[in-house]
Amino acid sequence: MRTAWVLVCAAVLVASGLAWSTVSSISTGVERSYAIPDDAPRSSSGRNILIMGLTTRLDLHGEPLPDDVLRRLQAGESDRGGYNANTLILLHLPASGPAVAMSVPRDNLVPLSSGGEGKIKEAYGRAKIAEEDRLRAAGTHEKRTLERAGREAGRRAQVQTVSAFLNQPIDHLVEISLIGFFHIAEGLGGVDVCLKNATKDPLSGADFPAGRQHLDAGQALSFVRQRHGLPGGDLDRTRRQQAFLSAVARRVQDADVAAVQAMIDMAKQDVVLDARFDLTEFARRLPSEVRFDTLPVEGGAHVGGQDVNAVDQAKVRAKVTELATAPPPPPPDDGIPCIA
């Protein structure tokens, strides 16, 4: 696996041998966030990048996606999904050696930066609603102003919540919404995956045979969204997200100019980076290898009427430290590994 999340176009450009000036042009065209302040603590053992995948069916300005796009997404109406961070990955880039992408299960019960406990994925949406309510009470009612301020508050809360839970500083953030998953696969002409068993789930639109197969953009989105009908439920969905990223990485290696341009266009409409994220510098220091792992949970629990993941924070933090210093071994080089 030669890149992490494509992040998002820089790795594609590197793989395609395009000019650094092109990377720089992408860097200036992507939406920027100031959710990580300049005086925030920084990692001393490399760089930590928090990758957040949002469930929202809205665009960066809070506007509904076109009806034809929603139909292709097979993800319901534009008002579904809220602003939960259903994908949370801490990408640790050491000074040398392989990088490691640590998936944080979305239903982990943790202290939230806004106070109290909740699922870790909820930090973003709760803070967004609270900030918009505060601004409305102060007399602000312009929709895009509220959306921008609310999403910035959500990003700050999600970064702070994950940072405190893992006891790790966050140097950079990458945010991508549901449509971004779709556009990644679409820009690359689909992705290849392998399943151990046939599976079907009408809620996500998943309907796949067993074995190796090529997924188009709509199927790829169903693949990463499915959790019903899987033996490990939501944890198996986390593994599917990792498999999707691995599939993207394999496609990137063979990307042509048309795919590169599609990825550039996708980044400019679907991705948010923090203000300090220098894509040119990232591309120059792109890690040669990225390995995936999932942080541990202690089983399920029922709290406040919700099913959550029970976690041992000390074990989670120890695992993060272990992975940051000694990443998991590389997967066997025998083609595409099959997953549940």
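**View 1. D234 and the residues it touches.** D234 touches R106, D107 and R227, leaving out residues up to four places away in sequence; contact here means heavy atoms within 4.5 Å. This is a predicted model, in which local features need pLDDT of at least 70 and side-chain atom pairs count only at pLDDT 80 or more, while totals for chains, interfaces and linings use all residues. Residues are numbered from 1 along each chain as its sequence is written, and side-chain values use heavy atoms, with hydrogens and water left out. You will find D234 in helix α8 (residues 234-253); helices (H or I, at least four residues) and strands (E, at least two) are DSSP runs, numbered from the N terminus. With a relative accessible area of 17%, D234 is buried. Buried means under 20% relative accessible area, exposed over 50%, and partly exposed in between (1.4 Å probe, protein chains only). The side chains of D234 and R237 make a polar contact of 3.1 Å. Such a contact is a pair of N or O atoms within 3.5 Å; within protein, one must be able to donate a hydrogen and the other to accept it, and residues adjacent in sequence count only if both atoms are side-chain atoms.

**View 2. T199 and its partners.** Look for T199 in strand β9 (residues 199-201). At 10% relative accessibility, T199 is buried. Its side chain joins that of Q226 through a polar contact of 2.7 Å. Not counting residues up to four places away in sequence, T199 touches several residues, including F208, L230 and R240.

**View 3. The aromatic pair Y83 and Y124.** The whole structure holds two aromatic pairs. Rings of Phe, Tyr and Trp (its six-membered ring) pair if their centres lie within 6.5 Å; planes under 30 degrees apart count as stacked, over 60 as edge-to-face and the rest as tilted. The ring centres of Y83 and Y124 are 6.2 Å apart and their planes are at 5°, so this pair is stacked. Both Y83 and Y124 are buried.

**View 4. The aromatic pair F208 and F223.** These two rings are edge-to-face, with 6.2 Å from centre to centre and 65° between the planes. F208 sits in strand β10 (residues 206-208) and F223 in helix α7 (residues 217-225), so the pair ties together parts that are 15 residues apart in sequence. F208 and F223 are both buried.
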